[in-house]
Structure formats: C-alpha cells, structure tokens
Amino acid sequence: MEDDDEEEERRERIAEYKKQRADAEAAAALLEAPDDCKACKKPLLDSYLWERFNYPVCDACRDDKGAHKLIARTEAKEKYMLKDCDLDLRKPVLRYISKKNPHNPRYGEMKLYLKAQLEERCLELYESWENFEAVKKSKAAQKEELAEKRFEKKIKVMRAQVRGTMGQKAERSKLHVHKFGDESYDKKRDEYKKTCKDCGYEMFYEKM
C-alpha cells in the first residue's frame, strides 16, 4: 500500500509540474513583442527569435553561430549549471524548439534553447561570471574529491579480496606435519600408539 501511495504521489507531482510548464508556455506565447530590436534598436519587424523564443532580436541581427546558437537541454544544464526548474518554472520560462536527435532517431526529440537566454538565466542565478566560475570550480573539486574517495575505497576492497584469497591459498598450501609425543602401549587394542602434540591425532601400530 505504501508503494502505491508513493507512486500516486509521484505521478501527481509530475502532472503538476507539467501543468505549471504548460501554463508558463501559454503565458509566454501571449507576450507582446517590444517595439525595437534589442541589438540594433531599430523597429522589430521580422524576428524569428521572437516568434520561437520571445527574444527581441530582428532577423538582420540574428547570429546563429554566436549569441543565438542553439544548445541542447542536457548540455545547457551542464554548461551553465542549471536545474530543470531553472528552465521550466523560473519566470520568464525559457522557450525551446524540438528537433529529432541526429545521432539516433530512436531517441526522444532534442529540446534546443537559445544561448543568449541561457547566459542571461545563468547570470540571474550566479549574479556574475566570476561567481559562476568560482562555484563551478568548487563543484568540480568536490566531484573530483568524491571520485578519488570512491576509487580509493574500491582499491581497498580489491586489496582485501586479494589478501583474503592469498591467505586462503597459503593456508591450503601449508601441509600439517604431526609432532608425535612419546610412544605408549594400549593394552585393550594390543597396539602401540603415538599422539600428535598439535592436533591430537593418534597413530596406532604394531611391533614385530
């Protein structure tokens, strides 16, 4: 029952998240375009970037290889240290275009974001590029330290396993040599015997 409740709660959270995203996208689509281009300050007439991303730059100023380059969602999150909520819920919600994955059509469609908007969102969160780089270096150092600890732990486990295996082999390779004490005569069996001082093994024998 607890598993069913947790699954239901998870589905509700996902549904609420999708609804918030859809509402934000609908609101963004209704925004009115500003009068002027952000780059050249001329009247914003034809603008692909505004139609697709709500980014007020005219087609004449559009730079597909620079500021207006498209970046896949996974790369954007890693490069600018953004979370899903930073892209989907933080206002203004960043719009994207979907394209088929060129590497494998079986994969889901790629969500492509505008580089300029990603950089603006990054600065909103980290306030400056200097602070962003400092946080990025700190996280990279923490990640490297964690990786080293995991590696060291793995090495310790491997060494322990090797020592255990070698110890078992050494124990098996050791042949026990009996150290018998003085000879005694067993009247009931009419035999002589010697007893190992280490393991207690008794060896019976007859004398001619």
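Modeller: Here is how the labels come about. This is a predicted model, where local features need pLDDT of at least 70, side-chain atom pairs count only at pLDDT 80 or more, and totals for chains, interfaces and linings use all residues. Residues are numbered from 1 along each chain as its sequence is written, and side-chain values use heavy atoms, with hydrogens and water left out.

Colleague: How do you know how many helices and strands there are in the protein?

Modeller: Helices are DSSP runs of H or I with at least four residues, strands are E runs of at least two, and both are numbered from the N terminus. That gives six helices and six strands, in the pattern α-α-β-α-α-β-β-α-α-β-β-β along the sequence.

Colleague: What makes β5 and β6 a pair?

Modeller: Two strands pair if DSSP finds at least two bridges between them. Strand β5 (residues 191-195) and β6 have four bridges, in the antiparallel sense, so they count as paired. One of the bridges joins T195 to E202 in β6.

Colleague: Why are β4 and β6 called edge strands?

Modeller: The open sheet has the order β4-β5-β6, with antiparallel pairing. β4 (184-186) and β6 (202-205) each pair on one side only.

Colleague: And what does "buried" mean for the share of the 208 residues?

Modeller: Buried means under 20% relative accessible area, with a 1.4 Å probe and protein chains only. By that cut-off, 22% of the 208 residues are buried.

Notes
Buried means under 20% relative accessible area, exposed over 50%, partly exposed in between (1.4 Å probe, protein chains only).
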